[in-house]
Amino acid sequence: MSCSCEKGSVRLRRQLAYLAGRAGEYAITLLVILAINFALPRLLPGDSFAYITGSTSSADYAGALDAHSQKVLRAYYGLDLSLQEQFVLYLSQLAVGDLGYSHFFKVSVNQLIAERLPWSMLLVVTGVFVALVVGVALGVLSAWRRSGNMDRGLWALLTALRSVPSFFLGSLLLLIFSVHWNLFPLFGARDMTLIYPTALERMEDILHHLTLPALTLAMGEVTGKYLLTRAAMLDTLREEYIMFSRARGFSDTAVMFRHALPNALIPVITHTGMRLGVMMGGMIFVESLFGYPGMGKLFVDAMSARDLQVLQSGFLMTSVVMVVMNLALDLVYVRLDPRVEVTKP
Amino acid sequence: MLAVLLLVLLLVGCGQSGATKDKKGMTLTLAGDDYGYPSPYGFYPRGPGYLRMTLLFDTLAWKDEKGVIPWLAGQWQMSADGRTWTFDLRDNIRWHDGKALTAEDVVFTYEYLDQHPHPWFSREVKGVVERVEARGEKQVVFYLSRAYAPFLNNIAATVPVLPRHIWADIVDPASCTDTRAVMGSGPFRLTGYDKAAGSYNFEANRDYFRGVNKVDRLFFVKVGQPLMALQKGEIDGFNPDMDQVALLKNNSNIRICEGNSFWIYRLLFNMSQDVTGDIRFRQAMAHALNLPELVERAMHGGALPGSPGYISPELNEWYYTGITRYPYDPEKSRKLLEAMGYDRVNSQGIRENAAGQRLSLEMLTFQQGQDAEIIKQWLLMIGVEVRLRALEKSAHDKLIDSSQYQLAINGHGGIGGDPIFLNQLAAINAIPASAALYHNPEYLQLAEQQAYQTNPVERRQSLARMQSLLAEDLPTLPLYYRKSYFAYRPGKIEGWFYTSGGIAMGIPTEMNKLVFLGDGGTPP
């Protein structure tokens, strides 16, 4: 008994040391990222002040802003500071969680993100969740019935789905479910023209608006998860311990979901984590197609307006999400793969 | 995690207003996007942002289909020297909170502008308006540093009047999103704004001095697919592109009105370089491009061919017809290039001079349409090789602003309203000053002169000469002027129109607040 406690404590210490080491690496990565995030928007050609005042060669309003007004406005937006001063300001603001003030949108970046991030998160989390559940379930089913009609049918269907551009899929969903059958709204995350008397009605409205965008996002992701699950399951099902489990008389369901799936899930989870960055692109498209209020459109607008504060915050957020996802994957591996615990940091 | 997100989103915007389903009266929903908080300092420097603000605030003068009309001021007089303008305010104009709008509010507006520079309004006001004085409650006198021809259009019909009793306390107007900052005198009150969703909710101001508002509630919503939304009846109007116009034309439930967009697509020559600085080369380019065909092929007819005098025929008050024209004549182009010394054609069809230099130029463009490819093919036919360099719009603008180009294609608005915009083509008050800009002493002098000519006949003469010089010297070659369209469901609101020269300083739109007013904006 005491021996097993001791082993458990050693194991815990090793895990903590491992995680501390990984966290340290990520902290250094984050610091490098901060400097790059600051530099990147400033390396872009284009002048953010020209966009604040609408004074580019493509401005819709010709006319020169006098020198005094320019000076006052530059000072107001902090654009009269040197690069070093801007960097110090950026770091000091960041230290207290302040992402700065958006030149173009005229509000704090924290507010801009707080208004949009929940919508984007809702969209992405729902899309990933649906893709993961459906992709894994179909992958398991396909592997279990390999070379059968269901396997061939699912493989053909999902591979075909992958070759259809998301733009076409989304538009098709809109045409069928929104225009033709009138089942779902055409745009937005909620009806902005109405007040709902109860939270339940409001939630129903939000879910109603979420269905088609999340489905479009999920349909673009499901094939990858299906193919990976299927391949991983096929490999796992050939393992000796699976044959042993069958020989011990476990039911098919138990062998599939309790013995084979946990091992097969590791590459699928890695894939999901790695795909998050790519999904940002898909998110921009889905937000644009469905008029969904999210981070994607914000960054597209900030890019064309050269809004430095929003851009650097966007880069920072993407980096943080990637770092956090990698860290989360490491944590999941520790849980899923017993071999990870003996690996020193 | 999903449950937590839903909870957060349920709380977000709980305080925002909309309308309950059973509200009576007319609701109009138009497609839109986020253009900033619609306060005079909060809107983004874009036309639609300004227009949303004008639903809440008024100006001394306004514009309709024909031109400038009296608005807050019922009448005005200009002194003989053009330096003093006297405005008489109408009676019974009230702010949304019921307080009376007086001459003191107008005076305060210009004092406030002086202390808080505005990205748009200060361009016109600074250096022009010396002081503003109230004479009693109903009369305001503007003293200008010099006569200023665009005063009525670009200042009186553009700058919104601010309520002194509210704005006197606003110290940071750009970031102020207080509900008081949108309390104006206009035909609507703001009842909701969601930056993330790009939506605006307006309700009619029942006490508006210009009479009853036909629309009780006006919504702007961000729509991903406005064509579908209009056909389905979820919105009442949007601005379609040419392809969408073609799809909607046969729909009997939809009407389309066509107007000017005051948006120009033009070829820029870097005037400081050897080849592009040579007038013969620029003339050769002008003869090599078949502009009516370009309009048909690239814009499916949704534009007017460019005029070498820059001003669009849409701005008919100032457009001059007597300028030099360059009909499509590739043979003439070839002769002009030969006269420049490019009289040999190599095996690839590219012209070379005696020194063996190829007539090969880089042309900046931004990713839009097939125009640049068509132009490239036409120029190849006369032996000019064009290497297209397509850039994202901001990067493209930066290279143009810093004169780092040989040839460039640019597209922009800002050619409506007062023709003071012609001065931007020359190195006068240009932002930024550029060596690639036009340097003709006579043009520069005319540009200075037209700004202060308050006599329309004299000013028209100056502008005619400026257009003639532009057409002769071709510092830029206008390719076409894009048209604007508005598709709407008839029945709710009729009488949509395009404002003469565009609203205020030239914003092209069908959404003039006059269309919402019961009497079409006729003074009571």
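Among contacts in chain A between residues at least 6 apart in sequence, 74% join residues at least 24 apart; two residues are in contact here if their C-beta atoms, placed from the backbone, lie within 7 Å. This is a predicted model, so local features need pLDDT of at least 70 and side-chain atom pairs count only at pLDDT 80 or more, while totals for chains, interfaces and linings use all residues. Residues are numbered from 1 along each chain as its sequence is written, and chains are lettered from A and ligands numbered from 1 in the order in which they are written.

Helices (H or I, at least four residues) and strands (E, at least two) are DSSP runs, numbered from the N terminus. The C-alpha trace of chain A spans about 85 × 60 × 40 Å along its principal axes. Of the 345 residues in chain A, 37% are buried. A residue is called buried if 20 or more other C-beta atoms lie within 10 Å of its own, exposed if 12 or fewer, and partly exposed in between, with the C-beta atoms placed from the backbone.

Next comes the nonpolar core, meaning a set of buried Ala, Val, Leu, Ile, Met, Phe, Trp, Tyr and Cys residues joined through C-beta atoms within 7 Å. The largest one has 208 residues, and A:L123 and B:Y480 have the most contacts inside it. Helix α8(A) gives the most to this core, with 15 residues. Leaving out residues up to four places away in sequence, A:L123 touches A:L210, A:P213, A:A214, A:L217, A:M283, A:V286, A:Y292 and A:G294.

Helix α8 (residues 199-237) of chain A also packs with helix α7 (residues 166-180) of chain A, at an angle of about 145° and with the axes 10 Å apart. Axes are lines fitted to C-alpha atoms, for helices over the stretch in contact, and angles run from 0 to 180 degrees between N-to-C directions. The crossing of α7(A) and α8(A) is right-handed; a crossing is left-handed if the near helix is turned anticlockwise from the far one by less than a right angle, and right-handed if clockwise. Residues making the contact include A:L169, A:L173 and A:F177 of α7(A), and A:L212, A:L215 and A:M219 of α8(A). By type, the contact residues are seven nonpolar, five polar and no charged. Ala, Val, Leu, Ile, Met, Phe, Trp, Tyr, Cys and Pro count as nonpolar, Asp, Glu, Lys and Arg as charged, and the others, Gly among them, as polar.

Over in chain B, helix α9 (residues 279-288) and helix α11 (residues 330-339) pack at about 165°, with their axes 8 Å apart. The pair α9(B) and α11(B) is therefore roughly antiparallel, a label for angles over 145 degrees, with under 35 counted as roughly parallel, 65 to 115 as roughly perpendicular and the rest as oblique. The crossing of α9(B) and α11(B) is left-handed.

Most residues other than glycine have a negative phi. B:S403, however, has a positive phi near 60°, and B:S403 sits in the loop between α13 (393-401) and β18 (407-412) of chain B. B:S403 is partly exposed, with 18 other C-beta atoms within 10 Å. B:A504 has a positive phi as well, near 50°, but B:A504 is buried, with 27 C-beta neighbours inside 10 Å.
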